[in-house]
Amino acid sequence: MRDRILSGMRPTGPLHLGHLTGALKNWVQLQEKYDCFFMIADWHALMSEYKDSMRIKEYCLDNLIDWLASGLDPEKSTLFRQSDVPEHCELNLILSIITPLGWLERCPTYKEQISQLKEKELTTHGFLGYPVLQAADIIIYKAKYVPVGEDQLPHLELCREMVRRFHFLFKKEIFPEPQALLTETPKLLGLDGRKMSKSYNNFIALSDSPDEIRKKVAAMFTDPQRIKITDPGHPDTCNVYAYYKLFAPQLYEEVYEQCKNAEIGCVQDKQRLAECIVEFLKPFQEKRKKFAQDRNYLDKVLKEGAEKARAVASSTLEEVKKAIGI
Ligand code: TRP
C-alpha cells in the first residue's frame, strides 16, 4: 500500500509558468511514488469568485487540460473535481460544527485576504470557513501528505487541529494527521518582479500563443541599474536571468557573461528569452491542443476520477457518522 497524497488547485483562471515549474512538475513526480488524489477545487474558487461564478466551469476544464499536458496521468492518479464529490460538503458541515470560530478568525491567510481583496467582499460565512472545507478535502481521503506551497501551512496546521479535536470529541481515531510535503521549487517571480499572481496579471499563461509570449517578455522589467546599453548588467539580481535559468539552461552561462560584460542589450536579450520560452512550451502546447480538442476524453477523466474519489469519500463519511452516532 502506497501512502496517500491529496492536493488541489483553485480554478480561478488560466494556469501559468509558475504552476508548471512549481506544483505540476512536482505532482507529476509524486504520482510514481504515492497514491495521489489531485483535485480541482471549484468550491474553493467559488468562495472568492462568487460574483463571477459562470467562468469557474470553463477554468475547471482549462486547468484539467494543463494538468494532462504536463503529464498527470489518470491511470496513475485520481484526478477529480471537488463539486463532483458532494461528500466533501457533508464532512465540511461536520467539521464546521466542531471548529471554534477563534481558530478561523486568527488564521493569517484569512486576515491577509480580507484586508487585501476588499472589492471581493470576502467577509462571508463561507470564506471564513475556507480552511474547514480544505481540511474536509484532505481527511476524507485519509491523506497522509499534502504537497503545498508555504502559503498553505496555516491551513494544514488548522486541519491537524480539527483532526485532533474530532478524535478527542468522538473518541475514535479515524484520520491521520496530514503533513505538508514541501518541495524545493525554484521561485519564479512575475514579469514585473512582483509575486506571480493572477490579480497582478504579470504572468505567462501555459496557453499563451507565441506572439503573446513575445509581447509579455518584451515588457519584462530588467536590471534597474543598467541604464545605458554600455553599462554592465547584474544578472544575479535580474529577473530576466532567473527566467533563463529555468527555461534555457543551455544558454544561461553565455547570457551571464554577455550581460555582465555589456555585450548584449536588454531588448535583444529578452527577444532571445522569448524564443526560448516559446520553444520550451512547444511540446507542452502540442499536447495541450490535443487534449483541448477531445472533450469526450476530458469528461471521461472527470467522470472516472469522481467515481474513484467518491468510493473512498463515502466510505470515510460512513465511518465518521458512525463515530458521531448520527
Ligand atoms: N487552498 C489551496 C490553494 O489555494 C487549494 C486547495 C483546496 C487545497 N483544497 C485543498 C490544497 C486541499 C491542498 C489540499 O492553493
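A cavity is, on a 1 Å grid over the protein atoms alone, a set of points where a 1.4 Å probe fits but cannot get out, and its lining residues have an atom within 4 Å of a point. Grid points are joined across faces, edges and corners, and a volume is the space filled by probe spheres set on the points.

The structure is a predicted model, in which local features need pLDDT of at least 70 and side-chain atom pairs count only at pLDDT 80 or more, while totals for chains, interfaces and linings use all residues. Residues are numbered from 1 along each chain as its sequence is written, and side-chain values use heavy atoms, with hydrogens and water left out.

**Exercise 1. Describe the largest cavity and its lining.**

Step 1. The structure holds one cavity of 30 Å³ or more, and the space in the largest cavity is about 80 Å³.

Step 2. Its lining includes Thr222, Asp223, Arg226 and Cys238. Helix 11 (239–247), helix 12 (252–260) and helix 13 (266–292) each supply at least two lining residues; helices here are DSSP runs (H or I, at least four residues) and strands likewise (E, at least two), numbered from the N terminus.

Step 3. By class, seven lining residues are nonpolar, one is polar and three are charged. Ala, Val, Leu, Ile, Met, Phe, Trp, Tyr, Cys and Pro count as nonpolar, Asp, Glu, Lys and Arg as charged, and the others, Gly among them, as polar.

**Exercise 2. Characterise the second largest pocket.**

Step 1. A pocket is an open set of points with protein on both sides within 12 Å along at least five of seven lines. The second largest pocket contains about 280 Å³ of space. It is lined by 14 residues, of which Asn92, Ser96, His125, Gly126 and Gly129 are the closest to its centre.

Step 2. Among the elements that each supply at least two lining residues are helix 4 (87–98) and helix 8 (130–139).

Step 3. This lining has eight nonpolar, six polar and no charged residues.

**Exercise 3. Which residues are closest to the ligand, and which polar side-chain atoms lie by its nitrogen atoms?**

Step 1. Polar contacts are pairs of N or O atoms within 3.5 Å. From a ligand nitrogen atom, the distance to a polar side-chain atom is 3.1 Å for Gln134, 2.8 Å for Asp137 and 3.0 Å for Gln152. Taken alone the ligand exposes 370 Å², of which the protein buries 89%; accessible areas come from the Shrake-Rupley method with a 1.4 Å probe.

Step 2. The shell divides into seven nonpolar, five polar and two charged residues.

Terms used: A polar contact is a pair of N or O atoms within 3.5 Å; within protein, one must be able to donate a hydrogen and the other to accept it, and residues adjacent in sequence count only if both atoms are side-chain atoms.
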